[in-house]
Amino acid sequence: MPHRKTALRLAAPLAVLALALTACGGGDEDTGADEKGGASAASSPSPSRPASGGDMAQGESATGKVAEDPGEVTYEVLAQKVEVGTEAEAAKAVADAADAKGKVLATAHMRYTHRGGPALTEGSDAHDGTTVFADGQRGGVLIGAAEDAPGCEDPYDVESWKRGESRVFCETYVIPADAAGVEVHWSEEDGEPYVWKFPRK
């Protein structure tokens with residue numbers, strides 16, 4: 001299975017910051033707000049309608065489908081936590097330290113539980129629907145960040161994933177150092193995002 005990040009990760013010793021901060025962010029926020037009322041009324045600890053999207057409580061799971069190779073898989077998805085680093089760590093992580101001025105790394109830890117569909121043997125694309133926002137603005141994706149950081153697995157190294165098993169994949173974004181809150185969004189392809197909010201302490 002060809003995976004878009006693998007070649008990028010192998011090609012560069014340092015991560016590259018993709019600065020598509022605001023152009024991609026507006027749509028998710030607007031549509032998420034439109035769906036908020038309906039999703040709140042139908043929300044439960046394990047939502048059964050994956051297309052609804054909406055705000056999620058901390059510890060609350062969403063359910064969605066992902067087109068995998070060899071077929072569609074249903075996942076239960078939970079944003080477990082977001083680890084926010086320092087400006088110094090961000091400067092070391094990117095190829096050009098100037099890109100990280102006034103910014104920090106935010107790593108979202110996402111737990112995916114295989115709930116239906118074929119077993120996977122050649123990696124997973126479940127994490128592709130994950131994005132990190134700060135104070136309403138989409139962060140800059142850190143291409144080439146280590147997916148196998150402590151507590152995280154590399155989704156492209158998955159060689160056996162069966163129904164009922166859970167895995168934790170991580171996504172790292174660059175956000176403003178003074179952001180008051182972080183949001184983790186996950187959505188199916190063309191679906192509305194589920195949103196978990198993590199206030200900065």
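1. In which sense do strand 3 and strand 4 pair, and over how many bridges? The two strands pair in the antiparallel sense, over six bridges. Strands are DSSP runs (E, at least two residues) numbered from the N terminus, and two strands count as paired if DSSP finds at least two bridges between them. Strand 3 covers residues 62-67 and strand 4 covers residues 72-84. They form a hairpin with four residues between them. Within this pairing, Thr 63 has Glu 76 of strand 4 as its bridge partner.

2. The model is predicted: local features need pLDDT of at least 70, side-chain atom pairs count only at pLDDT 80 or more, and totals for chains, interfaces and linings use all residues. Residues are numbered from 1 along each chain as its sequence is written, and side-chain values use heavy atoms, with hydrogens and water left out.

3. Ala 67 lies in strand 3. The residue is exposed, with a relative accessible area of 58%; exposed means over 50%, buried under 20% and partly exposed in between (1.4 Å probe, protein chains only). Leaving aside residues up to four places away in sequence, Ala 67 touches Glu 72 and Asp 125, where contact means heavy atoms within 4.5 Å. The C-alpha atoms of Ala 67 and Ala 126 are 8.4 Å apart, although the two residues are separated by 59 residues in sequence.

4. The structure holds four aromatic pairs. Rings of Phe, Tyr and Trp (its six-membered ring) pair if their centres lie within 6.5 Å; planes under 30 degrees apart count as stacked, over 60 as edge-to-face and the rest as tilted. One of the pairs joins Tyr 75 and Trp 161, and is tilted, at 5.2 Å centre to centre and 45 degrees between the planes. This pair links distant parts of the chain, with Tyr 75 in strand 4 and Trp 161 in the loop between strand 8 (140-143) and strand 9 (166-176), 86 residues apart. Tyr 75 is buried at a relative accessible area of 0%, and Trp 161 is likewise buried at 0%.

5. Tyr 112 and Phe 169 form a pair with ring centres 5.5 Å apart and planes at 35 degrees, so this pair is tilted. Tyr 112 in strand 5 (residues 103-116) and Phe 169 in strand 9 are 57 residues apart, and both residues are buried. Tyr 75, Tyr 112, Trp 161 and Phe 169 form one aromatic cluster.

6. A nonpolar core is a set of buried Ala, Val, Leu, Ile, Met, Phe, Trp, Tyr and Cys residues joined through side-chain atoms within 4.5 Å. The largest one has 30 residues, of which Tyr 75, Met 110, Tyr 112, Ile 175, Trp 186 and Trp 196 touch the most other members. Strand 4 gives the largest share of this core, six residues. A second, separate core of seven residues includes Val 94, Leu 105, Leu 142 and Val 174.

7. Five strands form an open sheet of mixed pairing, in the order 2-11-10-6-7. Its edge strands, strand 2 (54-56) and strand 7 (137-138), each pair on one side only. Strand 6 and strand 7 pair in the antiparallel sense over two bridges, and Phe 133 stands opposite Arg 138 in strand 7.
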